[in-house]
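Here is a short briefing for a first look at this protein.

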Amino acid sequence: HRRSLNKFTMTMMLQLATRRLAARGVTAGRSASTAAATSVTSDIPSYVTEAPAATVTKLDNGVTVASLFSAEGGSGASYTTTNISGCGSRYDKVGGEAAILASSLGGVVGREFISLSSLAGLGSVSGEQLDGLKAALTAKVGNASYESQMMDHLHSTAFQASPSGNSLGNALEGTAESIASVSADDVAGALAGVNGSNVVVVGTGSGSHDQLVEDASKAYGTLASAGSGKEVGSVAESAAFIGSDVRIRYDSHDTATVALAFKGASWTDPKTMPMALMQTLLGSFSKSSGLGKNVAQSMCQEVADHDLASSISAFNLSYSDTGLFGIVATAPDNKLDDMLWYVMPNMVRLAHGVSDEELARAKIALRTQMLSAFDGDIAVGEQTAQQIQTIGRVMPLAEMVARVDALTMDDVKAAADEVINDQDHALAAIGGIHELPDYNWIRRHSYMLRY
């Protein structure tokens, strides 16, 4: 009876919406969904189209210097971001040396780069300093959250170690065992292959571009020429995605953390933007967010309605030659099977199409997320440095927004069909996972049987 009533109510609401659209001049043959999607589309705002362009200079040895100063020589704070590719955890030989190097320079480590908040000189690490850095990093790794551990385990099973040691499967900050064995020579070796083309310096806030170029030249002008090494964003060996899983079972735990991913897209892959929209379509949910069950995305609605997880979120990670697309969730140990029963169809349905309303809402949300990523001088510096290192140029905000607006349902379906539909996956799980379906069950639910 309830289903019949809901169907009748929805029909009446749709008819009312159609009459209102017709009164505004919308033709009768046009669907309410398409009209609603069109009505939320707006022109690119002026603060995006009129955003200042970056000034870029390349030093003789290949170091890239970019600035987005609000006023040349004006008053106010100045911020500098330095990204160095070719020495992230992907290039660790022991495990943890890139993280130790980043800490010694006051920065953070990524899988393919280290990021510094200054023009720090690339010096060596002394023995006494090394011991302190190793102790601090070991404590940090030991206190890492399950979700952080899951991403390391996910990378380790998806991108298993290569003979050359160049592997995205390396732990981001090493393990307690590998950190203990790192020597000063290992840390120095992390910098051995870095040349000018691996360094990007970005200035934001108030300052002088010419002064920034001079300071960058003093800090990194002695690095080897760009011609002696690999270009920005390139790797010596491509990562191979392997469908596999790693499961760490603790029957004493009443919750489990699960990360599931498919092979994603690199920074320069045409699927990168559609997959960013796919991530927004899946969305995220957390019981602690205050929204409760009032979430927009279909996957999150079903997880919330059936109380299947305390948190779940989609992620889309891109690297220089590959990527990972999937979800990470924390759920009760007795609801893992039910959770995946709802999650997998929501992922697969992206390859078959979503409603016009969902697509329009996701595009607005994606635009907001992209613009929010450039909120503040420090954030602008980090994003600009990342763009130069990954796509080789600074993409204007107007172009980013225009690329999102240009996405269509066919773009999403094509990307999802290639990435998710009937494709192998990688999975990492820890905790009470006795009800977590096996690999073949999940693999079988990566496609729909339609006739």
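How much accessible surface does the protein have, and what share of it belongs to carbon and sulfur atoms? The accessible surface is about 21300 Å², and carbon and sulfur atoms account for 52% of that. Keep in mind that this is a predicted model.

**Overall make-up**
- The protein holds 17 helices and twelve strands.
- It has 451 residues, and 45% of them are buried.
- Take the contacts between residues at least 6 apart in sequence: 79% of these join residues at least 24 apart.

**Helix α13**
- Helix α13 covers residues 356-372.
- Its 17 residues span 24 Å from first C-alpha to last, close to the 24 Å expected at 1.5 Å a residue.
- Buried residues in α13 are E358, L359, A360, A362, K363, L366, R367 and M370.
- Residues three or four places apart in an α-helix point the same way, because there are 3.6 residues a turn.

**Where α10 meets α13**
- Helix α10 covers residues 272-282, and its axis comes within 9 Å of the axis of α13.
- The two axes cross at roughly 105 degrees.
- Angles of 65 to 115 degrees count as roughly perpendicular, so α10 is roughly perpendicular to α13.
- From α10, the contact involves M273, A276, L277, T280 and L281.
- From α13, it involves E358, L359, A362, K363, A365, L366, Q369 and M370.
- The residues of this contact divide into nine nonpolar, two polar and two charged.

Notes. Residues are numbered from 1 along each chain as its sequence is written. This is a predicted model: local features need pLDDT of at least 70, side-chain atom pairs count only at pLDDT 80 or more; totals for chains, interfaces and linings use all residues. Side-chain values use heavy atoms; hydrogens and water are left out. Axes are lines fitted to C-alpha atoms, for helices over the stretch in contact, and angles run from 0 to 180 degrees between N-to-C directions. Helices (H or I, at least four residues) and strands (E, at least two) are DSSP runs, numbered from the N terminus. Angles under 35 degrees count as roughly parallel, over 145 as roughly antiparallel, 65 to 115 as roughly perpendicular and the rest as oblique. Contact means heavy atoms within 4.5 Å. Ala, Val, Leu, Ile, Met, Phe, Trp, Tyr, Cys and Pro count as nonpolar, Asp, Glu, Lys and Arg as charged, and the others, Gly among them, as polar. Buried means under 20% relative accessible area, exposed over 50%, partly exposed in between (1.4 Å probe, protein chains only). Accessible areas come from the Shrake-Rupley method with a 1.4 Å probe; for residues, only the protein chains shown count as cover. The expected span of a helix is 1.5 Å times one less than its number of residues.
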